[in-house]
Amino acid sequence: LRGNSNAARDIAAHLHPYTNLKKHESEGPLTIVRGKGVYVTDDDGKEYIEGLAGLWSAALGFDNERLARVAYEQMRQLPFYHSFNHRSHEPAINLAEKLLAMAPVPMSKVFFANSGSEANDTVVKMVWYMNNALGRPAKKKIISRIKGYHGVTVAAASLTGLPANHRSFDLPIANILHTSCPHHYRFAQDGETEEQFATRCAEELEQLILKEGPDTVAAMFCEPVLGAGGVIVPPRTYYAKIQAVLKKYDVLFVADEVICGFGRTGNVWGCQTLGIEPDILSCAKALSASFLPISAVMVNERVYQALKTESDKIGTFGHGFTYSGHPVAAAVALETQKIYDEMDLFGHARRMSEPFQRHLKALADHPLVGEAMGVGMVGAVELVGDKKTKAVIEPVTSAGATVARHAQERGLIVRNMGDRIAICPPLIIQPAEIDELFSRLRAALDAGAEELRA
Ligand code: PLP
C-alpha cells in the first residue's frame, strides 16, 4: 500500500470500476494528479508515460489550453441545453455536421450520447425499433464476437464477448449471440493459413445465421480491431468475407469505432483501414480526446427512414439522454476535431506508426513474447510460457500483471488483459517518446521474465 493519505481515503470511500475490490483494499490506487503531453504524474510526484492514453482515448495527451478555453467559454454562453422534443443548440448541430462530413461511407444523421456503452445500447434499440418499422418484428437477434468489447450497460455488456462482463451479472440478455473471434494466432487450426482461417470464420457466421434463421438476425457488431479483447487485428480478407455473408441475409453491419475512430489505426476510421462499409457507426473516446464525456451514433439513410416512420407511428422516438449532445461536451469535441485537422494529427499518427510498429514487432524476439500484433498506433504482445507450443503461463492473469507492474515501476503505464499487454499511446507521441516507451517495456519484460522464472 502506497503510504500517502490519498490511498487510505480512496480505499475508505471509492468503489472502483474494473477492479478486484478485495485486492484494492490491500494495494490501494495509483492516484494521478496532473498530466502534460504523453506524461501523467502521481501524488508522489513520479512521472509515467501513459502507454494506453488513459483508456485508449486521450489522443491529445493530458493538457490542452484551447480545449480548456472552449469549455469555459461554452459554459459561460450556454452551459446546458438539451435536444429533446425539437430543441437544439449550435454545438450539437456543428458537431453533427462535422461527423457526417468525416464519415467513412455516406451517413444520414448523428445521435449523441455520453459514453461508448450508451452509444451501443442506443444502436441495439435502434435496430429493434427499425425492424418493427419494417414490419419484421422477428428480426431482432444481434451477433457480436467472442472477445469483442462493446461496453458495460445491459445490452452493451451482453454484446461484449468476455466472461467477466457476463458472470454473476445474469448476462447476456436474450437475442444476443456470439460468433468466433478472428484471432489467427490463438484460434487457427494446425496449418491453417490466415486466408483459410478468415474463410472459416465467415462460414461459422453463416452457419450461426442459418441455424437461428436469417429472418431472426438483425445486425452484427464489430470493432474493426478488437481492443479490450487483446488488440486483435483480423486477417486481411476477413471483413470482405464477413460482409458478404451479412449482405446475403440482410443483416446490418455496426462498426464500433470507440477505440479505432479518429486516427488510431492509421486512417480516420478503423473501417477504412480494415475495408468495412458500415450501416451504423458508434464512436466516443477520441471524439473529444476524452476531455469531456461524449459519444455519437451515425446511421445511414435507410436506418434513419425506418426510425422516422416508426417514431411518427408512435408519436416520438422514445429514446435519449438528458446530456445527449451536451453543449459543453459538443463544443469541446468540435474544437478537438479542429485541432486534429490543424495539426494533421491523423497524418502524424500514420507517420508514427512506422517506428511504433517496428518497435512493437521487434518485441517478438523476447523470450516471454509469443505474438506481437498491431496496426497504426495500437498493438499488444502476448506472453507465453513456451514460444513453440504457445503454452500459456499459469495462472493466466499473473504474467501480464507482473509485466505491467514492472512497467509501472519503470515509469510506464500499460494495460494487461490477461496475458496480453496493450500499448495505445496518445497520438501526439513523438519518435523519441516512442523509443523511450519501448525501452521501458522491454526492461519490464526482462524483469518479468526473471521474476516468473524464479
Ligand atoms: N466499445 C469499445 C470498442 C470500447 O473499447 C469501449 C470502452 O473501452 C466501449 C465500447 C465502451 O465505452 P464506455 O466505457 O465509454 O462506455
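Visitor: Which domains does the domain assignment give for the protein?

Guide: The assignment gives domain 1 (31–63 + 344–453) and domain 2 (67–342); such bounds come from an automatic or database domain assignment. Keep in mind that this is a predicted model, where local features need pLDDT of at least 70, side-chain atom pairs count only at pLDDT 80 or more, and totals for chains, interfaces and linings use all residues. Residues are numbered from 1 along each chain as its sequence is written.

Visitor: How far apart are the C-alpha centres of domain 1 and domain 2?

Guide: They lie 26 Å apart.

Visitor: And how many residues of domain 1 are in contact with domain 2?

Guide: 24 residues of domain 1 are in contact with 21 residues of domain 2. Two residues are in contact if their C-beta atoms, placed from the backbone, lie within 7 Å.

Visitor: Which elements give two or more residues to that side of domain 1?

Guide: They are α3 (53–56), α15 (345–362), β11 (369–375), β12 (378–383) and β15 (420–423). The largest share, five residues, comes from α15. Helices (H or I, at least four residues) and strands (E, at least two) are DSSP runs, numbered from the N terminus.

Visitor: What kinds of residues are on that side of domain 1?

Guide: The side that touches domain 2 has 15 nonpolar, six polar and three charged residues. Here Ala, Val, Leu, Ile, Met, Phe, Trp, Tyr, Cys and Pro count as nonpolar, Asp, Glu, Lys and Arg as charged, and the others, Gly among them, as polar.

Visitor: Let's zoom out. How many helices and strands are there in the protein?

Guide: There are 17 helices and 15 strands. The C-alpha atoms fill a box of roughly 65 × 60 × 45 Å, taken along the principal axes.

Visitor: What radius of gyration does the protein have?

Guide: It has 22 Å, which agrees with the value near 22 Å for a compact globule of 454 residues. The radius is taken over C-alpha atoms, and the globule rule is 2.2 Å times the number of residues to the power 0.38.

Visitor: What share of the residues counts as buried?

Guide: Of the 454 residues, 48% count as buried. A residue is buried if 20 or more other C-beta atoms lie within 10 Å of its own, exposed if 12 or fewer, and partly exposed in between, with C-beta atoms placed from the backbone.

Visitor: Is strand β5 enclosed or open, and why?

Guide: Five of the five residues of β5 (residues 141–145) are buried, so β5 is largely enclosed by the rest of the structure.

Visitor: Which strands are joined to β5?

Guide: Strand β7 (residues 217–222) runs parallel to β5 and is joined to it by three bridges, with K141 opposite V217. Strand β6 (residues 176–179) is also parallel, joined by four bridges, and there I142 stands opposite I176. Two strands pair if DSSP finds at least two bridges between them.

Visitor: What about β4?

Guide: Four of the five residues of β4 (residues 109–113) are buried, so β4 is largely enclosed by the rest of the structure. With strand β10 (residues 295–299), β4 pairs in the antiparallel sense over five bridges.

Visitor: New topic: how many residues surround the ligand?

Guide: 15 residues surround the ligand, and the closest are S115, G116, S117, G151 and V258. A residue is near a molecule or strand if its C-beta atom, placed from the backbone, lies within 6 Å of it. Helix α6 (residues 116–133) gives the most to this shell, three residues. The shell divides into six nonpolar, seven polar and two charged residues.

Visitor: Last one: where is H89?

Guide: H89 lies in the loop between α4 (65–77) and α5 (90–102). H89 counts as partly exposed because it has 19 C-beta neighbours inside 10 Å. Not counting residues up to four places away in sequence, H89 touches L78, Y81 and P327. The C-alpha atoms of H89 and H326 are separated by 9.2 Å, although these residues are 237 apart along the chain.
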